[in-house]
Amino acid sequence: MKTSKRSASRRKSKRSVTPYILGGVLLIAAVVVTVAIVIRKPVNATVVTPAASEDAHGENAKADTETSGAMQHDDQNSKNAPAFQPTVMNMAKPSSATPEEMSWIPGGEFSMGARAPAGTNDVGMKATYDSRPIHRVYVDGFYMDKTDVTNAEFARFIKATGYVTVAERKPRAEDYPGAPPENLVAGSVVFTPPDHPVSLDDYFQWWRYVPGADWKHPQGPSSSIAGKDDYPVVQIAYEDAQAYAEWAGKRLPTEAEWEFAARGGLTGKPYVWGDEFRPHQHWMANTHEGHFPNTNTGEDGYVGTSPVKHFAANNYGLYDMAGNVWQWTSDWYRPDYYKQLSAQGGVTRNPQGPDSSWDPSEPGHKKKVHRGGSYLCTDQYCSRYMLGTRGKGDADTGTNHLGFRCVRNAAPNASMASAREPQRQVSKKS
């Protein structure tokens, strides 16, 4: 990768953090915009030709204001705005048994995307800008890990393969021309809250690049994962997640697969568990409580990450599909990919995401889509624990609130194949 937060960090002092280091990875700071894009043709889908190229540049601040406002007007106020339609699940099941610690996700047709629920504040509204319009998608059935990959599981992978993660590698001088040798040090990005309230328009006040931070030392060299075998592994770059998935005989989920699985068969709900953030005042996910970013009261039981399977699973038996740590998907990020899919009409089958990445706020960064939110999400700053909302991050950068889970394809059988054709007929009538 030619440009990245890691490369930029080594061109500066160890004690300084520049927008180039952190801008793309700070998911909780994202206010995404709409641009024209080039997308890869999904399976059995016809794609509209975009109007702009990847090399286009513009006034990002102005674009943020204009496009987010337009998306809000179009999707929230239009009488013809797409609505959530019922989820139609496949009824056929694979002939093989479900692998251990995975859940069978039947697949089917559903409405993908997000709309801010009634009463949502401005922060919640911004979280849905790049998750519109709502559009119909079909995915085949698959298996998904019940939990994020844990420290113990990742440690077994490391022991078996000797793999060295991106954060643990000392950068090569030839890859970062002009970087002072003393700045070519391994490390990663860590949430470091201030000890007092700060303006929320400058995220450098709570994020910094920390030499020595990696999956074994999530917050820096003095930290440890001892006693946290059942916590999700973090500080994982995209290629690290890919390497683990290949070793395990699995793969990373597409964004569409992830959302179908997270919804658990529910239609149009704002949260994995239903309509209310705290039903009967019960905490359903690990999120941020208190004043962001300086104070996390830990009312849900945790100030940082929490062990897997602590909060209730969704209808498919999946844990932490909201909060705790963000999760990698295989899709490249572009903010108006959904607009392109919606414009083609009908149902997009097994979408694989756009062919390349484009984030107008950081044109030089190649980003993948993150899903699920983290323990840092709050309605004061980031509401991306809401279903259908999206995150984004540089493919070569991990953080201490980012992990992953894997999926596995199901071997098709006759009943599964015969179930697909009626599904197409149902989707055309919906």
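**Helix α5.** I looked up which residues of helix α5 (residues 151–161) are buried in this predicted model. I found N151, F154, F157 and I158. These residues lie on the same side of α5, because they cover an arc of only 120° around the axis. I note the general rule that an α-helix has 3.6 residues a turn, so residues three or four places apart point the same way. On the other side of α5, I recorded R156, K159 and A160 as exposed. I then checked what the buried residues of α5 pack against, and found α6 (238–247). Just after α5, I noted a positive phi of about 75° at G162.

**Salt bridges.** My search of the whole structure returned 17 salt bridges.

For R390 and E255, I recorded a salt bridge of 2.7 Å, N to O. R390 lies in the loop between β10 (367–371) and β11 (391–394) and E255 in helix α7 (residues 255–263), so this pair ties together parts that are 135 residues apart in sequence. I found both R390 and E255 to be buried.

D359 and K367 are both buried.

Finally, I traced salt bridges with shared partners and found E255, E259, R263, R371 and R390 joined into one network.

Conventions
Residues are numbered from 1 along each chain as its sequence is written. This is a predicted model: local features need pLDDT of at least 70, side-chain atom pairs count only at pLDDT 80 or more; totals for chains, interfaces and linings use all residues. Side-chain values use heavy atoms; hydrogens and water are left out. Buried means under 20% relative accessible area, exposed over 50%, partly exposed in between (1.4 Å probe, protein chains only). Helices (H or I, at least four residues) and strands (E, at least two) are DSSP runs, numbered from the N terminus. The arc is that of the directions from the helix axis to the C-beta atoms. Contact means heavy atoms within 4.5 Å. A salt bridge is a side-chain nitrogen of Lys or Arg within 4 Å of a carboxyl oxygen of Asp or Glu.
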